[in-house]
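Biologist: Could you take me through this one step by step? I will ask as we go.

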Amino acid sequence: MNNFDILKKGGKELGLDIDGSMIDKFLKFKDLLIEYNKKINLTGITEDEEVMIKHFLDSLSCFSSGVIKHDSKIIDVGTGAGFPGVPLKIYYEDLKLTLLDSLNKRIKYLEDVCSKIGLVDVNFLHGRAEDYGKKEDYRESFDVAVARAVADLSVLCEYCLPFVKKGGFFIAQKGPDVEEEIKNSKKAIEILGGKLIDKVSINLPFSDITHSLIIIEKRKSTPKKYPRKAGIPVKNPIR
């Protein structure tokens with residue numbers, strides 16, 4: 001199956017209608033990812049079919065949460081090579097997207113990607129979630145925060161929930177076995193102002209991979225002491 005069919009048919013399995021112009025953007029994105037990956041370490045996934053499934057369709061599965069709406073203000077925390085944020089923006093071009101990463105080389109790459117595939121209204125932040133989560137311009141100002149398996153769930157909540165406004169959502173993309181993580185993060189979710197509302201299992205099209213979307217609603221403001229200083233959430237997670 002070619003790249004076009006993987007995206008078109010895989011999108012349909014996820015309940016999405018990926019049109020030709022979107023597919024053109026995805027294919028340009030793929031070429032830029034592979035090109036840049038020769039210079040900076042972005043991904044270990046470099047075969048075309050795997051990029052389509054494990055990066056693009058996996059990122060688009062965030063729409064299965066049901067909480068990402070047109071025109072949402074969304075932040076991708078620890079975006080890395082641009083996942084899941086850039087594919088979400090390709091599908092819903094009216095998203096107001098912010099990409100946050102601690103490595104400036106990745107941010108420069110993402111600026112080039114978004115420019116070359118024609119994505120506008122994207123904000124690029126070089127820095128740590130612990131620092132930006134304290135800043136007035138970003139704190140509790142997003143409808144949705146997303147993160148793809150960059151840390152333990154309790155740590156991710158401390159990185160991401162401070163960005164989310166009351167009534168907004170945090171979506172954590174995780175593997176299939178998340179029950180222990182959910183159990184261990186209950187205190188963190190509550191302290192940070194969230195409430196776990198759903199766990200959605202995703203069968204990734206054209207693979208035997210199952211992933212989970214952990215969906216947390218922001219019910220109360222996050223206490224001012226969170227996020228704690230850089231490095232502390234990982235060393236001493238809220239338990």
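Biologist: Which residues of α7 are buried?

Modeller: The buried residues of α7 are Leu 153, Ser 154, Val 155, Leu 156, Cys 157, Glu 158, Tyr 159 and Cys 160. Buried means under 20% relative accessible area, exposed means over 50%, and partly exposed is in between, with a 1.4 Å probe and protein chains only. Since 8 of the 8 residues of α7 are buried, the helix is largely enclosed by the rest of the structure.

Biologist: Before I go on, what kind of model is this?

Modeller: This is a predicted model, in which local features need pLDDT of at least 70 and side-chain atom pairs count only at pLDDT 80 or more, while totals for chains, interfaces and linings use all residues. Residues are numbered from 1 along each chain as its sequence is written, and side-chain values use heavy atoms, with hydrogens and water left out.

Biologist: What does α7 lie across?

Modeller: Helix α7 (residues 153-160) lies across β1 (73-77), β4, β5 and β7. The helix runs at about 145° to β5. Such angles run from 0 to 180 degrees between N-to-C directions, and the axes are lines fitted to C-alpha atoms, for helices over the stretch in contact. Contact means heavy atoms within 4.5 Å. The names come from DSSP runs numbered from the N terminus: helices are H or I with at least four residues, and strands are E with at least two.

Biologist: And the sheet, what is its strand order?

Modeller: The sheet is open, with 7 strands in the order β3-β2-β1-β4-β5-β7-β6 and mixed pairing. Two strands pair if DSSP finds at least two bridges between them. At the edges stand β3 (122-126) and β6 (194-203), each with a single partner strand, so one side of each has no neighbour in the sheet. From one strand to the next, the twist averages 20°.

Biologist: In which sense do β6 and β7 pair, parallel or antiparallel?

Modeller: Antiparallel, over 9 bridges, with β7 covering residues 210-218. As one of the details, Asn 203 has Thr 210 in β7 as its bridge partner.

Biologist: Which strands does α3 touch?

Modeller: Helix α3 (residues 48-60) packs on the sheet and touches β4 (142-148), β5 (164-174) and β7. Its direction makes about 150° with that of β4.

Biologist: How far does α3 reach from its first C-alpha to its last?

Modeller: With 13 residues, α3 reaches 17 Å, close to the 18 Å expected at 1.5 Å a residue. The expected span is 1.5 Å times one less than the number of residues.

Biologist: What covers the buried residues of α3?

Modeller: The cover includes α1 (3-13), α2 (20-37), α4 (85-91), β4, β5 and β7. Among the buried residues of α3 are Val 51, Met 52, Phe 56 and Leu 60.

Biologist: Changing topic: how many disulfides are there?

Modeller: A search of the whole structure finds 0. A disulfide is a pair of cysteine sulfur atoms within 2.5 Å. Cys 157 is in no disulfide, and the nearest cysteine sulfur, that of Cys 160, is 7.6 Å away.

Biologist: Are those cysteines buried or exposed?

Modeller: Cys 157 is buried at a relative accessible area of 0%. Cys 160 also counts as buried, at 0% relative accessibility.

Biologist: How many salt bridges, then?

Modeller: The count comes to 18, where a salt bridge is a side-chain nitrogen of Lys or Arg within 4 Å of a carboxyl oxygen of Asp or Glu. One of them joins Glu 111 and Lys 108, at 3.9 Å from N to O. Both residues lie in helix α5 (residues 104-116), 3 residues apart, about one turn of the helix.

Biologist: Why would residues spaced like that point the same way?

Modeller: An α-helix has 3.6 residues a turn, so residues three or four places apart point the same way.

Biologist: Which residue forms a salt bridge with Asp 143?

Modeller: Lys 165, with the closest N and O atoms 3.2 Å apart. This pair links distant parts of the chain, as Asp 143 is in strand β4 and Lys 165 in strand β5, 22 residues apart. Asp 143 is partly exposed at 24% relative accessibility, and Lys 165 is partly exposed at 32%.

Biologist: What about Lys 174, buried or exposed?

Modeller: Lys 174 counts as buried, at 9% relative accessibility. Glu 181 forms a salt bridge with Lys 174, and the closest N and O atoms are 3.0 Å apart.
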